[in-house]
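This report covers a ligand site and some helix packing. The sequence and structure come first.

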Amino acid sequence: MPTILVLHGPNLNLLGGREAEHYGTDTLEAIDTRLEAAGRKAGMEVKSFQSNSEAELVDRVQAAKSDGTSFIVINPAAFTHTSVALRDALSAVRIPFIEVHLSNVHAREPFRRHSYFSDLASGVIVGFGPLGYELALEAAIRSIRKANP
Ligand code: CA2
């Protein structure tokens, strides 16, 4: 069964509380549960991992190289704008990935417009709130099916 890894960066464990105007009202657990169900329906396994630590995210991406992960959906959160280390990890493992942002990063502070990931990503989804993860998962599922007819 193909496996899709969903990675969430720092502070996304706080979803569902403050800053609902930017990030919506769903908890991360609710988002992950929906993604797992959508994956099951498509005959694929969805594994989710959140960390506030850059090192743990780098380690998880490296582990994906040998744990059967076919595709990664990632919201690097604040690391989007800072992390060469996470970018290098994604580049090194050569697993296709989609970058997701809940908020429209282009309509916020200028520093949020630059991403260390977008040029390596298969695609980028911004501004649709939690729905963005589901759109990314659907794109990942289609891409896996296309590669394995
Ligand atoms: O829009 C997104 O998904 C972001 O990746 C979210 C990051 C932000 O640094 C990026 O520029 C855009 C921040 C995630 C913080 O999440 C919170 C959730 C609830 C309460 C406070 C923070």
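How far is an oxygen atom of the ligand from a polar backbone atom of Leu-102? The separation is 2.7 Å.

## Basis of the model

This is a predicted model, in which local features need pLDDT of at least 70, side-chain atom pairs count only at pLDDT 80 or more, and totals for chains, interfaces and linings use all residues. Residues are numbered from 1 along each chain as its sequence is written, and side-chain values use heavy atoms, with hydrogens and water left out.

## Ligand surroundings

There are 17 residues around the ligand, where a residue counts as near if one of its heavy atoms lies within 4 Å. Those that come nearest are Asn-75, His-81, Leu-102, Ser-103 and Arg-112.

Arg-112 places a polar side-chain atom 2.8 Å from an oxygen atom of the ligand. For Asn-11, a backbone N or O atom lies 3.5 Å from a ligand oxygen atom.

## Helix 2 and helix 5

Helices are DSSP runs (H or I, at least four residues), numbered from the N terminus. The axes, lines fitted to C-alpha atoms over the stretch in contact, of helix 2 (residues 28–41) and helix 5 (residues 131–147) come within 10 Å and cross at roughly 25 degrees. The two helices are therefore roughly parallel (angles under 35 degrees).

Contact (heavy atoms within 4.5 Å) involves Ile-31, Arg-34, Leu-35, Ala-38 and Gly-39 of helix 2, and Tyr-133, Glu-134, Leu-137 and Ile-141 of helix 5.

## Helix 3 and helix 4

Helix 3 (residues 54–64) and helix 4 (residues 84–93) have axes that come within 9 Å and cross at roughly 5 degrees. Helix 3 is therefore roughly parallel to helix 4.

From helix 3, the contact uses Glu-54, Leu-57, Val-58, Val-61 and Gln-62. Helix 4 contributes Ala-85, Leu-86, Ala-89, Leu-90 and Val-93.

Definitions and conventions. Axes fitted to C-alpha atoms, helices over the stretch in contact; angles between N-to-C directions. Parallel < 35°, antiparallel > 145°, perpendicular 65-115°, else oblique. Polar contact = N/O pair within 3.5 Å; in protein donor to acceptor, adjacent residues only side chain to side chain.
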